[in-house]
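Please consider the sequence and the three-dimensional structure shown below.

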Amino acid sequence: MTKIAMAADHAGYPLKEVIKPYLIEKGYEVIDFGTCSAESCDYADFAHPAATAVENGDCNFGIAMCGSGNGIQMTLNKHQKIRAALCWLPELAALARQHNDANFLVLPGRFISEEMAKEIVDAYLDAEFEGGRHQRRIDKIPVEGEVL
């Protein structure tokens, strides 16, 4: 069974609570790294454990959200093995998987409707990495050693 790591801050929490049962209904196992309420919190507290679960192979990929999607995406992408893509349209989500082999989908919780979020999630889940020239580019993403 495919395991999906989920993470959100307070601004992404309402959307997470819509997407989580949607994924379960589709047959996915969801590992929820929080938050568990709409009380103010810091996205990094939930993004780092979710990213680690994907990096370690405990989860196949992840879906995360915060208000704009930017903060949680930046945090996720600090992990060398994470390729988190902020998507607000289904086409962007499909391309993130097809061309970038994105292993985290990030949604802007305050800027998309619940219905649009479901369409984006479906596009992400239905797409497959194309490999080829895209693999060469992905291989160049991780930073080796210290960056000056």
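Which residues point one way from β3 and which the other way, and are they buried or exposed? F61, I63 and M65 point one way, G62, A64 and C66 point the other way, and all are buried; buried means under 20% relative accessible area, exposed over 50%, and partly exposed in between, with a 1.4 Å probe and protein chains only. In a regular strand the side chains alternate between the two faces of the sheet. This is a predicted model, in which local features need pLDDT of at least 70 and side-chain atom pairs count only at pLDDT 80 or more, while totals for chains, interfaces and linings use all residues. Residues are numbered from 1 along each chain as its sequence is written, and side-chain values use heavy atoms, with hydrogens and water left out.

Strand β3 comprises residues 61-66 and is mostly covered, six of its six residues being buried. Strands (E, at least two residues) and helices (H or I, at least four) are DSSP runs numbered from the N terminus. Strand β1 (residues 3-8) runs parallel to β3 and is joined to it by five bridges; two strands pair if DSSP finds at least two bridges between them. In this pairing, M6 has I63 of β3 as its bridge partner. Five bridges also join β3 to β5, and these strands run parallel. Here the bridge partner of A64 is V106 in β5.

The loop between α4 (90-100) and β5 (104-108) contains N103. N103 is buried, with a relative accessible area of 11%. Leaving aside neighbours within four places in sequence, N103 is in contact (heavy atoms within 4.5 Å) with V54, F61, G62, K81, I82, R83 and Y124. F61 and G62, among these, belong to the two opposite-pointing sets of β3. A polar atom of the N103 side chain lies 2.9 Å from the backbone oxygen of K81.

The loop between α4 and β5 also holds D101. Its phi is near 50°, a positive value in a residue other than glycine. D101 is partly exposed, with a relative accessible area of 24%. Another backbone feature is the cis peptide bond that joins G34 and T35, with omega about 5°. T35 is found in the loop between β2 (29-32) and α2 (44-55).

Helix α4 itself includes L92, which is partly exposed, with a relative accessible area of 31%.

Conventions
A polar contact is a pair of N or O atoms within 3.5 Å; within protein, one must be able to donate a hydrogen and the other to accept it, and residues adjacent in sequence count only if both atoms are side-chain atoms.
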